[in-house]
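Please consider the structure shown below. The paragraphs that follow lead from its aromatic contacts to one of its helices.

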Amino acid sequence: MVKRQVFKDCKVDVLGMVLHNLPRGHHAILTSHLKANLERVGLPFAGALPDDPLLSSVRLDDVRHALLADQLYGDSLLTDVEFDDVVVASQRLEELLEVLGERPGGRPLVVTSADRLDIVLGLLAAQLSVQGPGVAGVLLTQAGTQRAGRNYAKSTVDSIFAGLVKSGLYKGTLLPVLSTDRPLREALAIIDRLDAAILPDSARKIERSKLLFERHIDVNAVVAGLQRKRPNRMTPKMFAHSLQSMCRADPQHIVLPESVDKRVLAAAAEATARGLAKITLLGDPATVASEGKKLGLDLTGCEVVNPASSGRLEAYISILVEARKKKGMTPEQAADLLLGDINFFATMMVAAGDADGMVSGAIHTTASTIRPALQVLKTPGMPLVSSVFFMCLPDRVLVYGDCAVNVNPSASDLAAIAITSADTAAAFGIEPRVAMLSYSTLGSGSGPDVEKVTEAVALVKSQRPDIKVEGPIQYDAAIDPAVAAVKVKGGSEVAGKATVFVFPDLNTGNNTYKAVQQSTGAIAMGPVMQGLLKPVNDLSRGCTIPDILNTVCVTSIQAMQFKRSAAAAAAAAAAAGATATA
């Protein structure tokens, strides 16, 4: 019960309980009582595995590995057998046979010194007889101060064992005999410390475990619990693993302009080493190499571009002048801007197709980072640029938007934010269930702000009927199933299980994400920009190396999404052109 509470506190679902090593003699009555008591407190009891002598025993193979022993005789398959006791043979052979004869049904390991080959031959004879006492095997240890070359008639014993095999008169398996160079006392101490583990090559133990499971565990109940429908929830670890897996599968070219920051250099080295992205740093190559060497970083996989000597500078000037011609931009002004602002130069690399995305902000403000992108990377037909944060809570990842860009969005703006946020969530493997937030839940309150959200919800439903959306709705009803059951009548695909939260204005969104971040210790990944032609993302000036890596991954996945969208649009245009021609 304590362990279940620990799992519950950590937001881990508990399927049920299986008890292991229950005393075999009391198995039936204990199982009955446990099942009734545990199910009374809501913990499914799948069954109990009884204790088993085989599972609690040590194998000969474990002894062989622990002592680095050689196998002198016997079938190698017999080392995957267990022994239930250790018998030290220091007495005469006839006395040993008497001791073993008093242990009916036992399978001990007999340990003796290498000069007692008479014991080996005697136990071999006993094994050949169906009436002789059974042993699991024999271990020969160092015989006192062994003299070099002394084999204690081992060659004769070798001939006897070999003769039995060749003669064909004995069809059974021969007694396994192991030999170690360790003294008797040391060998016994090592054997005493061995654990009765179930290892990958413990074939007999594995088969016995399967048999016990089939006999004593309610497999149908376990399978039914696994198949029970549960909310699809993305945890932070799953999210991070998913991001990195996608990035490694298709590394994108990301430019990091702030090479003067050691955190950026460290993140660039790690991203390259882990194959997450192709990295370009902006700065003087010699300076960057020197700083990397001081920090012990391998930056050989990163490209370093000096804007002042770049062969692409003139092309960037032309693109910038064309993009800003309505504002009267001249080539001289464009050159000054590109050489005086590394974020502008990096953004032009993205605009020109020389990089797939940009990440900056470790030493720059959000405005300095995103202003160039707003000027040259705005999507035609989509005037609204917005942002989301990925809120990595202990047990789930949520999407908050817009918490960084739009101060007081209109109903149409909120609808656009909801649609792009849902698409962003889906691109990152999070099932989008959009909650349009307000101080009212489905008409419980009224006012201009509520009406704005109501209109925005209607727009989302008309423009993108495929998106699951609910609103106006309060935060508690959107995230808590118990509250949703009270406040939202008639059922909802979103209430109580929302994954995307659209705030009515920047004041609410920005304060909420910071309140959640500071109060719960959640990682706030973002702001992730939406509505641009190509991805440009901002870092917090207090960012860590993992923060930079995460943002590089996010930017890379956005770049993949943009490429897929562009390819789909081109294919559609080509198909339309072919149809028109026909």
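**Aromatic contacts and a helix**

Tyr 400, Tyr 475, Phe 501 and Phe 503 make up one aromatic cluster. The model is predicted, so local features need pLDDT of at least 70 and side-chain atom pairs count only at pLDDT 80 or more, whereas totals for chains, interfaces and linings use all residues. Residues are numbered from 1 along each chain as its sequence is written, and side-chain values use heavy atoms, with hydrogens and water left out.

Rings of Phe, Tyr and Trp (its six-membered ring) are paired if their centres lie within 6.5 Å; planes under 30 degrees apart count as stacked, over 60 as edge-to-face and the rest as tilted. By this rule there are 9 aromatic pairs. Phe 389 and Tyr 513 are stacked, because their ring centres are 3.9 Å apart and their planes stand at 20 degrees. Phe 389 belongs to strand β14 (residues 386-392) and Tyr 513 to helix α21 (residues 506-520), so that the pair links distant parts of the chain, 124 residues apart. Helices (H or I, at least four residues) and strands (E, at least two) are DSSP runs, numbered from the N terminus. Both Phe 389 and Tyr 513 are buried, that is, under 20% relative accessible area (1.4 Å probe, protein chains only), where exposed means over 50% and partly exposed lies in between.

Helix α11 (residues 262-273) has 12 residues and should span 16 Å at 1.5 Å a residue, which agrees with the 16 Å between its end C-alpha atoms; the expected span is 1.5 Å times one less than the number of residues. Among its buried residues are Val 264 and Leu 265.
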